[in-house]
Amino acid sequence: MQQFDYIRAVDLGDALQALGGGAKLLAGGTTLYDLMKLRIERPEQIVDINHLSELSYFDTSGDRELVFGALARMSDVAADPRLVRDYPAISESLWRAASQQLRNMASLGGNLLQRTRCPYFRGGEPYACNKRHPDSGCAAIEGLDRGQALLGASGACSAVYPGDLAAALVAFDAEVDVVGSQGARSIPVEELHREPGDTPHIETTLAPDEIIVRIRVPATPLGRGSTYLKVRDRESYAFALASAAVALVMDGEVVRDARIALGGLATRPWRVRAAERLLIGRRFDEDAARAAGEAALEGATPGRFNGFRIELGVRTVVDALTIARQRA
Ligand SMILES: Cc1cc2nc3c(=O)[nH]c(=O)nc-3n(C[C@H](O)[C@H](O)[C@H](O)COP(=O)(O)OP(=O)(O)OC[C@H]3O[C@@H](n4cnc5c(N)ncnc54)[C@H](O)[C@@H]3O)c2cc1C
C-alpha cells in the first residue's frame, strides 16, 4: 500500500474542505482499504468521517419517511425492529450482504458507493479495464463472463454493480441528500449510479467533492409486503448472481401496487417498471408472476458463459413475488 495522509474530520465543513483538496472519504473502510491494498485506489489523503455524529443516526419511526444517516452501520439498521416488520426488503438486503463482521463496520453510504467485484477490474494491471484506465480496453469481453452484467452493459464495460441495499432502496423510491462545494441537493437513488456507456470510470452522478449525508425512504404500505431475495453460489458471504427487491400491495387477490428492482444482473440497480405495470390491476397467480419475471429480464443480453442467469433472474423475481404475496 502506498503512503497516505490521514485526516480526522471533526465536522462536515472539515470533511468538505479535505474532499475539495482531493482527499478520499473513509467511512467503514471495508471497500476503500480493500481497493488500496489492491492498488486500485491510490489516494494521497484520506479523510475519516467516522466521528461526525450527525451522520451516524437513523430513525425509522416517521409517518412520512424513514431517515438513515450515511454512517449508520449495516448491522444496526438490518436489526431495527420497525424495519424488520414493516420494510423487510430493506432489512434483508442488508443482512444478506457480506458477513456480520463486515456489516458491523460498513456504513450505508459506503455500501451504496462500493465498486464492482468484476475480476478484471480487481485483478489489476495484467488485465485491460476501461474502468481503471479509460480507453485501455475490457478483458471481460473475451474473458470469463459468468459474473458479468446482462443488463445495462456497453462495449466498454459489463461490470456488475454488486450492492444489495441499492436495489431495495430503488424499489422504494429512496433519495440521498448530499452536500458539496456547490451546496446541498437530493438525488433519487435510481439516478445515483450510471450505466457505463463510453465512460465506465464515471460510476455515479455525485461530484467528486460531494458527501452523502443521509438516505430518505418515503413511508409506504408497500413495505409490509416486500422481500429481498438473493441467489448466489453459496448461501452466505457471497455476492448475488441474481437478486430481486419486490413489494406488493394487494386488494384481495388483485395487485393494487407493485415494485420490482433487480440486483446482481445489471451495471446499476435496475428498477423494472414495465414488469410492475403488468402486475398492477391483475389477479396474482403463477402466470402473472412468470409474466412479470420475464418482463423484468426483457432486453437481457447473454455473453458466452452468463446466459443461465437470465432464467435464474426470472425465477428469482417469481419466487420473490410469491414471498411478497404471502406477506402483503
Ligand atoms: C468480503 C466482502 C464481501 C462483501 N459482500 C457484500 C455483499 O454480499 N453485498 C453487498 O452489498 N456488499 C458486500 N460487500 C461490500 C460491503 O458491504 C462494502 O464494502 C461496505 O458496505 C462499504 O461501506 P464502508 O462504510 O466500509 O465504505 P468505505 O470503504 O469506507 O467507502 C466506500 C466508498 O464510498 C465512499 N464513501 C463512503 N461514505 C461516503 C459518504 N457518506 N459520502 C460519499 N462517499 C462516501 C468512500 O470514499 C469509498 O470510495 C462485501 C465486502 C467484502 C470486503
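A residue counts as buried when its relative accessible area is under 20%, as exposed when it is over 50%, and as partly exposed in between (1.4 Å probe, protein chains only). The model is predicted, so local features need pLDDT of at least 70 and side-chain atom pairs count only at pLDDT 80 or more, while totals for chains, interfaces and linings use all residues. Residues are numbered from 1 along each chain as its sequence is written, and side-chain values use heavy atoms, with hydrogens and water left out.

**Exercise 1.** State how well helix H5 is covered, and list its buried residues.

*Solution.* Helices are DSSP runs of H or I with at least four residues, strands are runs of E with at least two, and both are numbered from the N terminus. H5 spans residues 88-95. Seven of its eight residues are buried, so the helix is mostly covered. The buried ones are Pro 88, Ala 89, Ile 90, Ser 91, Glu 92, Ser 93 and Leu 94. Over the chain, 54% of the 328 residues count as buried.

**Exercise 2.** Find the distance between the domain centres.

*Solution.* An automatic or database assignment sets the bounds: domain 1 covers 5-51 and domain 2 covers 225-327. Taken over C-alpha atoms, their centres are 36 Å apart.
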